[in-house]
Amino acid sequence: MATGRSPAPAYQATKGSILDVDKDFYTKIASSTCRELIESFEIPIRSGKAFPVPRGHVCRLSTPYGPQVGDLNLWARDNPRERFWASRTRQLHRSHVTAFDRLWSCLPYLRPMCTIVGDTLAAYSDDVGGRVHDLLGTRCDPYVNQMLSGKAFDFHCHSNLTRAILPFGLVESDVHDVLNVFQVTGLNKDGQYYMEPCPAKSGDYFEFFAEIDLLCALSTCPGGDLSAWGWGKDSGSDDMLDCCRPLAVQIFRLTDPSLLKNWQSPESATYSGVHGLRMPTFAA
């Protein structure tokens, strides 16, 4: 891999732009003790759960029993056509997100759905440049598993997320590219995607502030901490099963009104054209 040169990012946070995050504001949210726990639950291994997070609230995803990868999807609560856009988020911020990065919604909405305010693994990097909280890859799914191994398995993250969202009136086609929380990935010297074991310990967490009303869905990856990952293993007594642990979710309401005094939920993108479909007026 080439070294010695660091090109400038294509998208830069110019002062005053929407990419220029108010770090003081989000630091106050992250550090405030004025928060009330309104919901708390654990997601068992090889399963998924969908849950709303109201705007202006904080959601914490954590590893209570040690390393475990989670696959996260986001939708606008009242309009599931607006959903998380992994590739644009990767361009606007980075391939592995951390505090003060935002998760953005798809077109034509294009607004921050949430802002990351806490990450106990922010400093992590492996010896070949891999980082945590991955946007390079996507969810595991039964289709590619069948294609590569010839075996059927019903508890990949795609399937876990599909089952999780059914009670909210959504279907398989609503599942989309994920944020792989707590997952370490990178590109090797040949530009190929690789995965390494999850470094999370008991009590590590990833926390975000909901900028809009959200519906979230989180899957506990069937590969667990990915220390024994491989295609084609079944749901019986396999090495991966021994690497699986639950994930925890906590949702907090901020109880200090002054924290959100000047905050406003972001509006959708203001582009008002029709992609060139409106005919111009031509002179006689």
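Student: Why is tyrosine 26 called buried?

Tutor: Buried means under 20% relative accessible area, with exposed over 50% and partly exposed in between (1.4 Å probe, protein chains only). Tyrosine 26 comes out at 3% relative accessibility, so it counts as buried. Before we go on: this is a predicted model, where local features need pLDDT of at least 70 and side-chain atom pairs count only at pLDDT 80 or more, while totals for chains, interfaces and linings use all residues. Residues are numbered from 1 along each chain as its sequence is written, and side-chain values use heavy atoms, with hydrogens and water left out.

Student: What makes the rings of tyrosine 26 and phenylalanine 209 an edge-to-face pair?

Tutor: Rings of Phe, Tyr and Trp (its six-membered ring) pair if their centres lie within 6.5 Å; planes under 30 degrees apart count as stacked, over 60 as edge-to-face and the rest as tilted. Here the centres are 6.0 Å apart and the planes of tyrosine 26 and phenylalanine 209 stand at 65°, so the pair is edge-to-face. Tyrosine 26 belongs to helix α1 (residues 23-31) and phenylalanine 209 to strand β11, so the pair ties together parts that are 183 residues apart in sequence. Helices (H or I, at least four residues) and strands (E, at least two) are DSSP runs, numbered from the N terminus.

Student: And how do you know that phenylalanine 209 is buried?

Tutor: Its relative accessibility is 0%, so phenylalanine 209 counts as buried. Phe25, Tyr26, Phe209 and Trp263 form one aromatic cluster.

Student: What makes β3 and β11 a strand pair?

Tutor: Two strands pair if DSSP finds at least two bridges between them. β3 and β11 (residues 204-210) are joined by six bridges and run antiparallel, with cysteine 59 opposite phenylalanine 208. β3 also pairs with β13 (residues 247-254) in the antiparallel sense, over six bridges, and there leucine 61 faces valine 249.

Student: How do you know that β3 is covered on both faces?

Tutor: His57, Cys59, Leu61 and Thr63 on one side are buried, and so are Val58, Arg60 and Ser62 on the other. In a regular strand the side chains alternate between the two faces of the sheet.

Student: Why does arginine 60 count as sitting over the ring of tyrosine 205?

Tutor: The rule asks for NZ of Lys or CZ of Arg within 6 Å of the ring centre and within 35 degrees of the ring normal. The charged end of arginine 60 sits over the tyrosine 205 ring, 3.6 Å from its centre. Arginine 35 does likewise over phenylalanine 252, at 4.8 Å.
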